[in-house]
Amino acid sequence: MSEKLTQGIMEISIRIVKAVLCVMLIVTALLFFCYGLINRSVFMDRDPAESISFEYTSDDTVSATLPSDIGDNEYLFYFNFRDITVYVGDEMRLERIEERDVNIPGGTVKNSYMIVPLKHSDAGKQIRLVRADYDNKIELATEGFISTRSGAFSLLMQRYGASFFLAFILAIFSFVVFVVSIVLSFMFKQRMDMMYGALGIFVLSLWVITDSALFPFIFGMQYVDGILNYLLCVSIPFAPEVYLNSIQHGRYKRSMSVLMLLSAANAVIWPVLHFLRVLPFYSDTVRTTGNVILALLAVEAIFILVYDAIKGYSKEYRYTFIGFFGFLICCIIELVLLLVITTTRASLPMVAGLGVLLVFIVIQQVNDLRMANMEKQHAIDISEAKTRFLASMSHEIRTPINAILGMNEMILRENTDKVVDEYSRSIKTSGKMLLMLVNDVLDFSKIEAGKLEITRSRFFLSELLYDVMSLVSERAEEKSLELRTQINGEIPNEMESDEFRIRQILVNLINNAVKYTEKGTVTLILSGNHTQEDGYELDIVVKDTGKGIRQEDQEHLFEAFSRADTKANVNIEGTGLGLAIVKSIVDSMNGSVGVRSIYGKGSEFWVKLPVRYLGDEILPEDFMERRTAEDSVLEACSFTAPDAKILAVDDNQSNLTIVRLFLKRTGIVPDLCSSGNHAIELCREKKYDLILLDHMMPQPDGIETLHIIRSDKDSLNKDTRAVVLTANAVAGSRQMYIDEGFEDYLTKPLDSSILEQTVKNLLPPEKIRDAPVDSHEPVSDEDEVLEFGFEERTPVKDLVSRVEGLDIEAALSHCAGSREILSEILSDMASECLPRAERMRKSLAEKDLNAYRIEAHTIKSNMATLGMKELSERAKKHEFAARDNEPEFIEKDADGFISAYTEVFKNIING
């Protein structure tokens, strides 16, 4: 169900509840007015009822003289129960024997009106009530009245109608509220406290109804009402207890548990004893115990409410608190009526109090729903802001990492100095670790959004394990830990699954083990079982000799931002995301994960992953030694494609330099351009085999550029495959780009091998050639023509000296220490300086803040690359001001900012 539809249904539900409440209040007021405050004889014609008094003639007999004006359709009504025989004169007119007449387990429970038919000839005769049940000395009736059935009903309505019908209406509305609560709880997947409150009021209303003398007159259940009344009575405590516990969020769980146990015992023991005819409901023992439990519940509820009011907790449920307070006042009024006035309308105040309580319970729930809806919307707004922030940070962080890893890759390819090679490999390891941290944050964003992507590809387990162990070995060596691998059984080497996610699982688990182990070993144990024709369950265990994990901490170990034994591990870095990400990845891959640990002795994290195996090659136990021998020589490019025509489009010149250098050893010389419009023009002039297209560019951006190229009638590249190169790596990005028409999706920082493999997969097969065997020399670029930069490069020393304020060490750190690469980047940046400044002035004149933001964003990244922090921060302020639509700041500082930017490259441009 969409969020918009859910909110709409919630608003409609709130309106319906409000309407029901209004109707209920109106009906309640009318009933109270008509039956409680005024003489209803004005509205109701009734036959007269004549009272009759009985006197005891013996211990078991009462008698009276009938009036002289009895009609044939009149009856004697008297209030009693158990076994009684009625004589009119010498004639037995009515006999009630419970064992014969009442077929209910346990028998009759309470008094009810008995009906004795009379005749006109009975006038003046003596009528006797004789008790036949000698075991139960129940007091016989001393009062009654003579009337027709309609007259009796009218009289009972006058005495009990107000509370009866008010309770009946209350039962209907509370049941409706209960049903609505259930529906809403399923619809919105959240707790509805109102459900328990409404259920409690429904039970109380039925209790009042069954207790009324009108019940058997209306429903024809002469003896069932007593049983129902008592069963309802012992059920009363449950719903209020659950409701109080719910709205108070379990603050008094122990006290409530004791009361619930007492209530449960009360609700089970006495009905069983009654139905077995051991101890009837009407016995003093049962009555006293039930009253005590109800009194305990009332006292406990009052005490908790008062305590919450003193502590200020009642603000959490202020409307319900008001409702309970109103109900309490009504109950006090009822006690006064019972003890002082002794009226037949004594239950009316309590029923009215229940109505007040129900109204405020519903108001409280409506308020809670509205607050929850507001909090949910606030959470959605925060989540969207976080997504935008992550998208921005993804681009910001990955762009410099792209430059660092990309340029460092070129050093590894072309360097011959062993010392520099060692430094470069350290940069590569640290850079990948930094990238992994960035990916953790982005992956957690994807997990929260429910868009974690699982892709299947072929890979060799030995290569994956070598990369993982190499990555984590340095940290283990720093702590003098022994890092082991153990292969149990024959495990397929070539598999099909999500290689990146399996790598991520292993790195997280092993890093976690190293982090929490001070001495000893960390062991990776691999095993598995064949599950079907080409299926395999890969078992991964990471075992350490660390501190272990307490049993109580293991339950929350895989929750986000959860860390075990935080007091003991206060000095250990980490955010608590690693294991949460592992759990989400494993669940997404239909696997399972868990932990076995003894505190003080170490831990074992285990993972079971279903994969598909390919081929018969078995994972060698000495895979580390085999790969170590090969690792001294960089892996050669598997193909060349000197005839391939590729267009690379990016508004950031250094990114184009990275693409050009990464494709260098394939023999591909891409055409480079910095705008979507230029790319559209080139696509009208030349047929390309592949287009590499950046997303975040000045209008048109990458997506719009692709759409124009595909729809342009003069385009020669309507069907040319396109790959998006972007730093936008938040949840859902891949599918978004594929839906927009891109063939593939590559995130920055670019991985040279992935870029080469993607290009190889998407180029026409006839353009691909096998690379020369044992050749690791880069392909010559003598014929290379650059769209950017200078045909003859000025020595980097001279270029650097022309840039005032440039931090040479910081600049070289972003270029992997290569002065030649720095020279290229400086030349590229200088060539774009004046056009970029002109575009910024134009966008300001046209009030195009989005275009201005993109240019400021590029300047910020370029200045950070050159170590010019002050100007980079200034550019950042302009970018954010444009993003947040704050033109006042931009207009005030734009001239000075653009002048400062052009001043950086002024000497380079002027030579």
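**Exercise 1. Describe how α14 passes α16, and list the residues that make the contact.**

*Step 1.* Start with the handedness: in this predicted model, helix α14 crosses α16 in a left-handed sense. Left-handed here means that the near helix is turned anticlockwise from the far one by less than a right angle, while clockwise would be right-handed. Helices (H or I, at least four residues) and strands (E, at least two) are DSSP runs numbered from the N terminus.

*Step 2.* Now the geometry. A packed pair of helices is described by the angle between the axes and the distance between them. For α14 (residues 499–515) and α16 (residues 578–588), the angle is about 150 degrees and the axes lie 10 Å apart. Axes are lines fitted to C-alpha atoms, for helices over the stretch in contact, with angles from 0 to 180 degrees between N-to-C directions.

*Step 3.* Finish with the contact (heavy atoms within 4.5 Å). From α14 come R501, Q504, I505, N508, L509 and N512, and from α16 come G578, L579, I581, V582, I585 and V586.

A note on conventions: residues are numbered from 1 along each chain as its sequence is written. Local features need pLDDT of at least 70, side-chain atom pairs count only at pLDDT 80 or more, totals for chains, interfaces and linings use all residues, and side-chain values use heavy atoms, without hydrogens and water.

**Exercise 2. Work out how much of the chain is buried, and which contacts span the sequence.**

*Step 1.* Of the 911 residues in the chain, 48% are buried.

*Step 2.* Among contacts with a separation of 6 or more, 75% join residues 24 or more positions apart.

*Step 3.* For the overall fold, count 28 helices and 23 strands.

Notes:
Buried < 20%, exposed > 50% of the residue type's maximum accessible area, 1.4 Å probe, protein only.
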